[in-house]
Amino acid sequence: MNITTTNSVTNKNYNMKTLKNLLAATVLLFTCFSATAQTADEIINKYFENIGGKDKLLKVNSFKMNMVTNYNGLEIPVEIFNDKAGKMYVKINFQGKEITQLAFDGKTGWSTNFMTMKAEKLDSETTENMLLQTKEFPDPFLNYKEKGFKVELIGKETKEGTECFKIKLTKTPITVAGKKEENVIFYYFDTENYVPIMTESEIKEGPAKGQMSTSTMGDYQEVEGMYFPFTMNQGGQAMTVKTITINQPVDNKEFEMKTE
Amino acid sequence: MKKSLLFSIISFSALSINAQEITLKGKELFGDLEARQIGPAIMSGRVSDLAMHPKNNQIIFLGAAGGGIWKSSDGGASFVPVFDKHIQSIGTITFDPNNPDNVIWAGTGETWTRNSVSVGDGIYKSTDGGLNWTNMGLPKSERISSIIVDPRDSNNVWVGVLGALWGDSEERGIYNSKDGGKTWNKILYVDNKTGCSDLVIDPSNPNVMYASFWEFRRTAWSFNSGGNASALFKTTDGGKTWNKIHNGFPAGKLGRIAIAVTPSNPNILFSVIECEKDTQKGLYKSEDAGKTWKHLNSDFALVVRPFYFSRITIDPKNPEIIYKGGLNGSISRDGGKTFRNLGAMHSDIHDIIVDPIDTNRIYVATDGGMYRSWNNGSTLDIVKNLPLSQYYHITLDNEEPYNIYGGLQDNGSWYGPSKSDGGIEARDWNSVGYGDGFRVLKHPTKKIIYSEMQGAENIWRYNLETKELKTIQPLQEKGVAKLRFNWNTPIVTGLHNPDRIYAGSQFVHVSDDMGASWKIISPDLTTNDKLKLNQENSGGLSKDNSGAENHCTLFTIAESPLSKDIIWAGADDGNVQITQDGGKTWKNVTANIIGLPKNTWCYHIEASNFAKGSAYAVFDGHTSNDQNTYVFKTTDFGATWTSIVTKDIDGFARCIQEDYVNENLLFLGTEKGLYITVDGGKNWSKFENNMPAVAVMHLDLHKKTNDLVMATHGRGVIILDDVSILRQVTNDIIASEVHFFKTKPFVKEENSSFGATASELEFVGPNPNSSAQIVYYLKKRNTFGKIEMEIQDMNGNKIVNLPVSNQKGINIVSWNFNEKGPKVATGKTLDYSGFTTPLVPAGKYKAVLTKGKDKFTHEFEVINDPKSPVKEAARADQRATTKMLFNKVERLAYMVYEIDEMIKLNGEIAAKDKSYAKTADKINAELNKLKNTMVITTGDNYVGSAEKQLREKLGVIYVSIASQYDAPSPSQKANIESVMDLYNKAEVEFKRLEKLHFSKILEKAKKLNPEYKLKTFEEFIAS
């Protein structure tokens, strides 16, 4: 009896942990996506032209993406919302329950504890870094100079079998374990289409710190005259976008930390 | 340019009927094919240089002898590789003191010049903390010993180039760049034999530097350290002028000179000197910044093997504490007067660094990895995630999973599995030999392993079952010339007689009784050049007759897979010999190889599987200072040879592997990595997917799995799983939009999920992909427009969607044989059953790739694990029971959904119609009462869990049955009966309530909201 109890606790722990890791990947992916693309100004301008034009992007106040992630053969629906004011959430739908995996109301970042299913505040460093992401909306390359970001064309490289421009985007430094660290993403823009098909960024924590994490994106499709990647993969975790909804307001309650 | 050329070739081949060449290269072809680095890290490998961030003791860079650059961001607890795209032999790493967070310099080419040392290709700089590296020139430097960045100006950089080991070179000397590495000027040059072995700066005055120069040279048969040009120089004007500072040094020839400045008192210098007289060798100290020197000590630990150990490290705070690299490493606490050994660790200490913040902490570079100590080296602990292992050779067996046998530089011989529960960990590797390990062979049929140590000093026969261990090397016999064995002696088991074993000295030795008795079946097959047989005198000022320079010896022996009488032998002095009559007569065919410089080391002969007269020979000229690529093929027993080298290949090659099925598919191991040809050598592609630019010393292809297994000299064993896809690559395929490759049936492996024991700071080698893999070629990446994939049964019913891989070249999509998971009732908590998907039965399936309007279909087969004892009937029972329980899980979910809807609707109706409130409450109470038995409605997912209800009980048994392969056991059946009893009761009560209330509630709800519709079961499942 005792043994059974212990086992089931361990198993639960394991399942919850893997699910949580999976969702962490989801969040990272989103960041990369919202951080769509750019290079030296010419490439960036061409990129904006090819995905529908800067004017259209400037009119975007919010995105809602409904996606599916494939986890161990399970297709898990994920909904991600992100707006100009920095509000965001990532929700999954699992066993009929809508679980807010991550949310930010502009001030407080929080997540749902998978053991208790209750909301808990994110550590202040993570919240601080989330706040920085606000200015990346809807695309970090959009008016990047005003955002204080820097862009550099590194050269050409073959990625995904395809010739690409490698562009380094330096964003506002983030805080990692109490220290300010450079916040750099390398973008690979397909030289034919001028859209990013891959990004690389440094892993900032854990045993893989110092190595690159890679995301790929493709299957660009039109939504209200703009093009967005509908398939993404980060470190083997694949996401497929089903729909993208633009400028649909969301009740503030969705972002506010639930106190139950 | 490259692209347009490629395009024109493709369009040309489309037009021309006879176009044969497969021109798609590396990154555009290999796509998702990825190498698997399995380590091991248990013995790790030689580390040549260490560097710590001057202000942040969390950051350490490590340079490996042959395994690239690794970075630690956790104070040396663990490391990650950051230099895989570039050459892997590292001489020195330096932080820019003005910007140590971002700017790091690396000089390639290890300077510990043993016989097996690799080469570098210049100086590199990173400006982003090691993420990206750029080659900043000095491409022919071969070995860079030192880099100094001016602490006043990051653009001012000095570099010490030791240079070529195997020949003259004018690249040696000290270089200076004033523009951050864009251009370089040589500011000190001695001669083409004497290079800069150390360059150090006075921390208190950057105009003062000390440089040691070393005259040294290796040949394949000898080593010389020392000469009249070796010297120690000083500059006081930032490198403009240099003066010798030998006042107090021994007279005569000098060898390698180590030099260090005391950080806390820069007037105190230490030098370790190799010279003619033993009594004058050792540690020298100057207390006047090099004006005069005093000899302190000639301990063995200080003078041993100067070419291999030459680092002095002085404590950053305490001028009395001095460390010296050596066989064991030494520490002095009295300013160099006396020394004692450091604590127990792997021998051969190349570098020691001291944490400037906590000087008790030291880090040590050895032949067997990196060690860290918290007490100045009294006790030490190895870093467990550095798979820097330096293999010389590997072989494979026929077990499932197969094992990999091989020997390593200074780390003995080992075998370990290609796959293990929880990943391939340190504990999976078994030691089967001492010393330097080379060739390790599994007896083809018996539980016996042969292994060897340097120069065949021992060849062991080890019986894994009885633990019998014997030495069986061929011994000197009366009337036979003195046997000469290479450091890396060839031993081979017979392909036609499993008890046979061959060994090569200058003769071919053969034993048909597993090494108990030997006979010589050849004359001396080498050039037997007496000028190359004076190993006793090797070493120069410090005699070094380790056996590593033994020469005019056989190095490779190959028995033809098609005839036991055809045997090839290749020698380190360039000879290639063949017998076609089992050794009665031998023919020297060396002279028939046109284009091969004389005496170029024959590293590997591969006898072909396709024709008796066919073979490949690979020659390595680097020990004659020739880094060209030499690979030849013969089809007529060596009478004529054709070079199969193209300009695609960069650097010298060592080994080749022919495919067993497609004669044109060849794999070539070179100093800089792996090259592959699919057209018999007309075009070669470098394989770089998770494959570092590491020296590949040997490779082998596993016949059952088609895995290419590589012995690398610095990154352990690297496997390219199942290369059978590459057999199929043709021009037609490359011209097609989409092409599915044929794959063998996929095995639904029956494995446990147990096994992992390693902490996150230990290296664990990944297992091969055990899913079904849908492999296809895409002519172009699908960047715009929709692309999707689904798996269907043979009737076209969808089983699951799969995420698509979408690159130009070869794509692999994995499917773990799962169907979709069940829809689970919504409760307060999450249930396991929702994480568990049934697996499909064995059979044929279809993968359907949809790209825009086009559909591409591929059929493949799934089979049960042949090792499984489970019978077909039991599988059918398991499957039917799983299906039944799966359906109940979903039916229950639907009942709970309906109940939840009714409760919700009741609430809404009552809110509008107060008169209904009481009825609603009553009905809802009944519904909730039932629901509370169906699913957990309180508690949490951890120890606050509530009592299990029907969903949870059903879930437990569903998960058990769905996760097993066998039929439900009697106990499980009894449990199912009990759960079904609960289920049926719940269903009866549900039906009663449904009949009583649901239609009425729905009627009322429709009035409130005509749009409302209760989902059907099918709609609910799909939602």
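At roughly what angle do the axes of helix 6 of chain B and helix 7 of chain B cross?

**View 1. The crossing of helix 6 and helix 7 of chain B in a predicted model.** Helix 6 of chain B covers residues 872–912, and helix 7 of chain B covers residues 917–934. Their axes cross at roughly 160° and come within 9 Å of each other. Angles over 145 degrees count as roughly antiparallel, so helix 6 of chain B and helix 7 of chain B are roughly antiparallel to each other. The crossing of these two helices is left-handed.

**View 2. Residues where helix 6 of chain B meets helix 7 of chain B.** Helix 6 contributes residues including B:Leu892, B:Met895, B:Val896, B:Ile899 and B:Asn906. Among the residues they meet in helix 7 are B:Ala920, B:Ile923, B:Asn924, B:Leu927 and B:Lys931. By class, the residues of this contact divide into 14 nonpolar, four polar and one charged.

**View 3. The annotated domain of chain B.** An unreviewed UniProt entry places the feature "domain: Sortilin N-terminal" at residues 174–300 and 631–714 of chain B. Residues 174–300 of chain B are 53% strand and 1% helix, with end C-alpha atoms 31 Å apart. Residues 631–714 of chain B are 43% strand and 0% helix, and the end C-alpha atoms of this span lie 23 Å apart.

**View 4. The contact between chain B and chain A.** Here 44 residues of chain B are in contact with 41 residues of chain A. On the chain B side, helix 2 (26–29) and strand 63 (798–802) each supply at least two residues. The side of chain B that touches chain A has 18 polar, 15 nonpolar and 11 charged residues.

Notes: Residues numbered from 1 in each chain as written. Chains lettered and ligands numbered in written order. Predicted model: local features only at pLDDT ≥ 70, side-chain atom pairs only at ≥ 80, totals over all residues. Axes fitted to C-alpha atoms, helices over the stretch in contact; angles between N-to-C directions. Helix = DSSP H or I, 4+ residues; strand = E, 2+ residues; numbered from the N terminus. Parallel < 35°, antiparallel > 145°, perpendicular 65-115°, else oblique. Left-handed = near helix turned anticlockwise from the far one by under 90°. Contact = placed C-beta atoms within 7 Å. Nonpolar A, V, L, I, M, F, W, Y, C, P; charged D, E, K, R; others polar. UniProt positions renumbered as here; feature names shortened; annotations may be inferred.
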